[in-house]
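Colleague: I want to learn how to read a model like this one. Can we go through it feature by feature?

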Amino acid sequence: MKSSWTRVLLIALSSALFAGCATTGPASPADPFEPWNRAMYQVHEVVDGNIVRPAVQAYVDYTPPPVRQTISNFFGNIDDLFTAITAMMAGKGDMAGNSLGRVIVNTMWGIGGLIDVASSGDIPKANFDFGLAFGAWGIPQGPYLFVPLLGPTTVRDGSGWVVRFYTGPIGYIPDVPARNVLYGIGAVDSRAQALSAEAIVDQAALDRYTFIRRAYLQRRQYLLYEGKVPPEKEEE
Amino acid sequence: MKATSRIGLAVLAAAFALPAHAQEAPDALVKRVSQEVVQIIKNDPKVQAGDQGRIREVIESKLVPHFDAERMTALAMGRNWRQATPEQQKQLVDQFRTLLIRTYSGALNQYRDQQIDYKPLRADPNATDVLVRTEVIRQGQPPVQIDYGMEKKDGGWKAYDVIVGGVSLVTNYRDEFSEQIRAGGIDGLIKTLAAKNGGAAK
């Protein structure tokens with residue numbers, strides 16, 4: 001088991017290094033570390049494609065949809081709490097209020113967040129996080145980064161992940177096995193949500209790396225400005 | 001004499017009035033076309049069975065006429081568009097159109113009876129370039145905004161961009177295209193597009 005893992009990683013790393021050397025074209029201004037990022041992307045493709053994606057696909061294929069929905073709701077409820085906190089940090093009162101409302105309704109009437117009652121009651125789910133809150137404070141994205149297994153991010157958004165990771169709440173569960181199981185399920189759940197979009201990227205992209213980078217940066221800009229991206233800010 | 005001229009006037013008026021009536025508002029057009037396509041997806045047994053040929057046929061007959069493939073290609077090419085010869089431009093438009101149809105077929109396969117909200121059009125009635133906003137509602141997940149950039153043409157409104165959750169298709173391809181052109185020139189890009197379209201055909 002261990003040796004096959006090391007082999008996969010070794011292959012990944014060596015192909016990554018070759019790719020890193022081969023692609024040193026003029027860089028995109030948002031991505032000064034492109035050769036490094038491309039190497040990391042190659043590592044990600046090998047590990048994700050051989051291990052993570054098949055496992056997650058099996059989870060999607062063999063878990064009944066209501067069970068998956070319940071799991072998504074549970075983690076979504078925690079996300080809503082952080083949407084509320086970060087929206088508050090960014091001074092987005094409406095979004096913070098709605099998200100907090102969702103958490104309260106779903107926790108109280110949805111069995112601790114297992115059922116998303118709030119969506120049926122028309123309290124819209126929002127997208128906000130620490131990276132976007134930093135953006136609202138005027139902190140720029142900084143260089144683009146691709147992190148194996150975690151995906152596309154930037155220095156700013158990645159710092160947001162770190163803050164999010166240390167603010168829990170799963171990290172505060174004292175029982176280590178229980179905590180790890182929850183981390184694991186959470187990771188599988190969020191990876192599963194990306195599966196359908198991925199099929200479209202496969203079909204659409206000439207170069208997946210570039211396609212994902214541009215889509216990520218556009219998406220984050222859109223979320224930061226809630227759909228009202230100032231035209232002069234569209235280019236990086 | 002008087003009667004004929006009156007009839008003539010009426011015919012003339014009708015002739016002028018007709019195109020104005022035929023000129024469907026852009027948001028109405030998006031709504032009608034997407035509802036038609038959704039109906040077909042729900043009811044056509046071949047589409048239900050995932051018959052790629054039939055799905056592509058639906059897209060080509062129902063959607064493609066409402067897209068301005070040439071403008072989409074020109075926008076995705078940016079500054080490089082004018083450097084392309086007319087023959088290259090034609091090939092680019094053909095290949096890009098095919099790629100978009102293929103991508104759209106794949107996306108339609110994933111459609112799961114979701115509800116689409118059509119937002120009211122916020123635009124000047126005389127505008128010739130508008131953004132039509134729609135939203136796909138998903139249970140337990142944030143809604144996905146799908147917006148269409150549309151331009152008024154002689155034959156009616158035509159879409160030149162699709163923006164999914166803030167990700168503009170045309171902007172996304174701009175990076176892809178310029179990267180390919182940097183590596184292999186415009187012919188290199190045409191080759192890559194053709195390989196992508198042909199390679200996945202089987």
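**Reading the two chains**

Modeller: Start with the secondary structure. Chain A has nine helices and two strands. Along the sequence, its elements follow α-α-α-α-α-α-β-β-α-α-α. Keep in mind that this is a predicted model.

Colleague: How many helices and strands does chain B have?

Modeller: Seven helices and five strands. From the N terminus, the order in chain B is α-α-α-α-α-α-β-β-β-β-β-α.

Colleague: Where is pLDDT lowest and where is it highest among the elements of chain A?

Modeller: Take the chain value, then go element by element. Chain A averages a pLDDT of 81, and 85% of its residues score at least 70. Among its elements, helix α1 (residues 2–22) of chain A has the lowest mean, 51. Strand β1 (residues 144–147) of chain A has the highest, 93.

Colleague: Over which residues of chain A does pLDDT stay under 50?

Modeller: Where pLDDT is low, the predicted coordinates should not be read in detail. In chain A, that applies to residues 16–25, where pLDDT stays under 50. The model has eight contacts for this stretch beyond four places in sequence.

Colleague: What share of the contacts links residues 24 or more positions apart?

Modeller: Count the contacts with a separation of 6 or more. In chain A, residues 24 or more positions apart account for 63% of them. In chain B, the figure is 53%.

**Helix packing in chain B**

Colleague: Now helix pairs. At what angle do the axes of α2(B) and α4(B) cross?

Modeller: Read the distance, the angle, then the residues. Helix α2 (residues 26–43) of chain B and helix α4 (residues 52–63) of chain B cross at roughly 160 degrees. Their axes come within 11 Å. An angle over 145 degrees counts as roughly antiparallel, so α2(B) and α4(B) are roughly antiparallel to each other. The crossing is right-handed. From α2(B), B:V33, B:E36, B:V37 and B:I40 take part. They meet B:R54, B:V58, B:K62 and B:L63 in α4(B).

Colleague: Which residues of α4(B) meet α6(B)?

Modeller: B:Q52, B:I55, B:R56, B:I59, B:E60 and B:L63. Their partners in α6(B) include B:I101, B:Y104 and B:L108. The axes of α4(B) and helix α6 (residues 86–109) of chain B come within 10 Å and cross at roughly 115 degrees. That makes α4(B) roughly perpendicular to α6(B). This crossing, too, is right-handed.

Colleague: How do α5(B) and α6(B) pack?

Modeller: At an angle of about 100 degrees, with their axes 9 Å apart. That makes α5(B) roughly perpendicular to α6(B). B:A69, B:E70, B:M72, B:T73, B:A76 and B:M77 in α5(B) meet B:L92, B:V93, B:F96, B:R97 and B:L100 in α6(B). In helix α5 (residues 69–77) of chain B, the buried residues include B:A69, B:M72, B:T73, B:A76 and B:M77. B:A74 is buried as well.

**Single residues**

Colleague: Is B:T171 buried or exposed?

Modeller: Find the element, then the accessibility, then the contacts. B:T171 lies in helix α7 (residues 169–199) of chain B. Buried means under 20% relative accessibility, so at 16% B:T171 counts as buried. Leaving aside neighbours within four places in sequence, B:T171 is in contact with A:R214 and A:Q218.

Colleague: And where does A:N180 lie?

Modeller: In helix α8 (residues 176–204) of chain A. At 44% relative accessibility, A:N180 counts as partly exposed. Its C-alpha atom is separated by 8.8 Å from that of A:I170, ten residues apart along the chain.

Notes: Residues are numbered from 1 along each chain as its sequence is written. Chains are lettered from A and ligands numbered from 1 in the order in which they are written. This is a predicted model: local features need pLDDT of at least 70, side-chain atom pairs count only at pLDDT 80 or more; totals for chains, interfaces and linings use all residues. Side-chain values use heavy atoms; hydrogens and water are left out. pLDDT is the predictor's confidence in each residue, from 0 to 100. Helices (H or I, at least four residues) and strands (E, at least two) are DSSP runs, numbered from the N terminus. Contact means heavy atoms within 4.5 Å. Buried means under 20% relative accessible area, exposed over 50%, partly exposed in between (1.4 Å probe, protein chains only). Axes are lines fitted to C-alpha atoms, for helices over the stretch in contact, and angles run from 0 to 180 degrees between N-to-C directions. Angles under 35 degrees count as roughly parallel, over 145 as roughly antiparallel, 65 to 115 as roughly perpendicular and the rest as oblique. A crossing is left-handed if the near helix is turned anticlockwise from the far one by less than a right angle, and right-handed if clockwise.
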